[in-house]
Amino acid sequence: MSLLDYFRSKQKKGSASLAKERLQILVAHERAERNKPSYLRDLQNELLQVVRKYVQVDDQAISVQLEQEGNQEILELNITLPEQRS
Amino acid sequence: MARTIVITSGKGGVGKTTTAAAVGMGLALRGNRTVVIDFDVGLRNLDLIMGCERRVVYDFVNVINGEARLNQALIRDKRCEDLYILPASQTKEKEALTKEGVGQIIHELSEHYDYIVCDSPAGIEHGAYMAMYYADDAVVVTNPEVSSVRDSDRMLGILSSKSKRAENDEEPVREFLLLTRYNPARVEAGEMLSVGDVQEILALDLLGVIPESTAVLNASNSGIPVVLDQNSEAGQAYADVVGRYLGEDLPHRFLEVQKKGLFDRLFGG
Ligand SMILES: Nc1ncnc2c1ncn2[C@@H]1O[C@H](COP(=O)(O)OP(=O)(O)O)[C@@H](O)[C@H]1O
Ligand SMILES: [Mg+2]
């Protein structure tokens, strides 16, 4: 394979396919974010208030995720408690 | 009752104003009473692209503020009697367009026109929001390039949640993809997203593909909407876009690399 062929074959692949791949992932992610029900943020805030009655946690301690699996919706709640001080 | 079409994109410099001028002229050439509104407050340019910049007396904001009547601000095109332009204001106050004011003008226009074409400013701020709010149809102008495609998708999100139709739970805004500045040679080389790629990512009805063309620059230099240049590919592609919008079933053209003859190669095509 000559040097010219090498560059030709490189070009054939090009960067467009990479652009497409990245965009597909990004757009899917951003669409999912957009379609999240608006109550999720409120839920997260109120949960934070409740937890803080008992444990001091920071703003990032609670994550709320809604996922779709088939025709099932899964609400995933994650509360990270601070490390135990002894 | 007029149909209100927004020409939008999110990203700037992708060809919205070029498209608004071409589509407005194209619709009017077919005998539709058409008005094109420039929503780019502070950055008026549609007048220049349409060649009526020296005839601007009153503008959009003057009408909203009651400083002029709508008929005083509308400019009738010299080439096509069914085409009117409502120029943007050069005021620095971006919030000069109010929802009520814009709604009142669209309402008034819709009694006398068949099509109201709204040329949106770039961004997703107030001006772009005002331009899309009353839309029945949206032409999402996109370049085959990552940031433009992403911004188009964000604009789709806004159309489906923030438009008047969305807010009132009416039939959603009809959304169309218009791919502009398309370069078949670069697509063939794998350097540029293809029309198929963009369609696959955005999943939108394809209204047309406008090739990258020097005719566009020539047209804006002379203040003539490029659709009037029927010798150019871009002009023909825009004419097709108008036809498709009106329901004609036209094949997409200029998607492949044109094999140029010696004459074209020497003198440009
Ligand atoms: N199909 C095209 N081929 C070549 N140049 C184009 C094409 N479409 C738009 N342009 C150029 O791109 C620039 C931005 O176009 P414009 O319509 O003003 O975009 P926007 O309104 O989205 O900011 C202008 O210089 C215009 O001449
Ligand atoms: Mg513009």
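How far is an oxygen atom of ligand 1 from a polar backbone atom of B:G15?

A: An oxygen atom of ligand 1 and a polar backbone atom of B:G15 are 3.0 Å apart. This is a predicted model, in which local features need pLDDT of at least 70 and side-chain atom pairs count only at pLDDT 80 or more, while totals for chains, interfaces and linings use all residues. Residues are numbered from 1 along each chain as its sequence is written, chains are lettered from A and ligands numbered from 1 in the order in which they are written, and side-chain values use heavy atoms, with hydrogens and water left out.

At B:V14, a backbone N or O atom lies 3.2 Å from an oxygen atom of ligand 1. A nitrogen atom of ligand 1 is 2.9 Å from a backbone N or O atom of B:S213. On its own, ligand 1 has 570 Å² of accessible area, and the protein covers 78% of it. Accessible areas come from the Shrake-Rupley method with a 1.4 Å probe; for residues, only the protein chains shown count as cover.

The shell around ligand 1 has 13 residues, of which B:G13, B:K16, B:T17, B:T18 and B:R181 come nearest; a residue is near if one of its heavy atoms lies within 4 Å. By type, the shell holds 4 nonpolar, 6 polar and 3 charged residues. Here Ala, Val, Leu, Ile, Met, Phe, Trp, Tyr, Cys and Pro count as nonpolar, Asp, Glu, Lys and Arg as charged, and the others, Gly among them, as polar.

In chain B, α1 (16–29) and β8 (205–211) each supply at least two shell residues. The most come from α1(B), with 3 residues. Helices (H or I, at least four residues) and strands (E, at least two) are DSSP runs, numbered from the N terminus.

B:R181, one of the residues that come nearest to ligand 1, is found in strand β7 of chain B. Its phi is positive, about 60°, although B:R181 is not a glycine. B:R181 has a relative accessible area of 41% and is therefore partly exposed, a class between buried (under 20%) and exposed (over 50%), with a 1.4 Å probe and protein chains only.

Notes: Polar contact = N/O pair within 3.5 Å; in protein donor to acceptor, adjacent residues only side chain to side chain.
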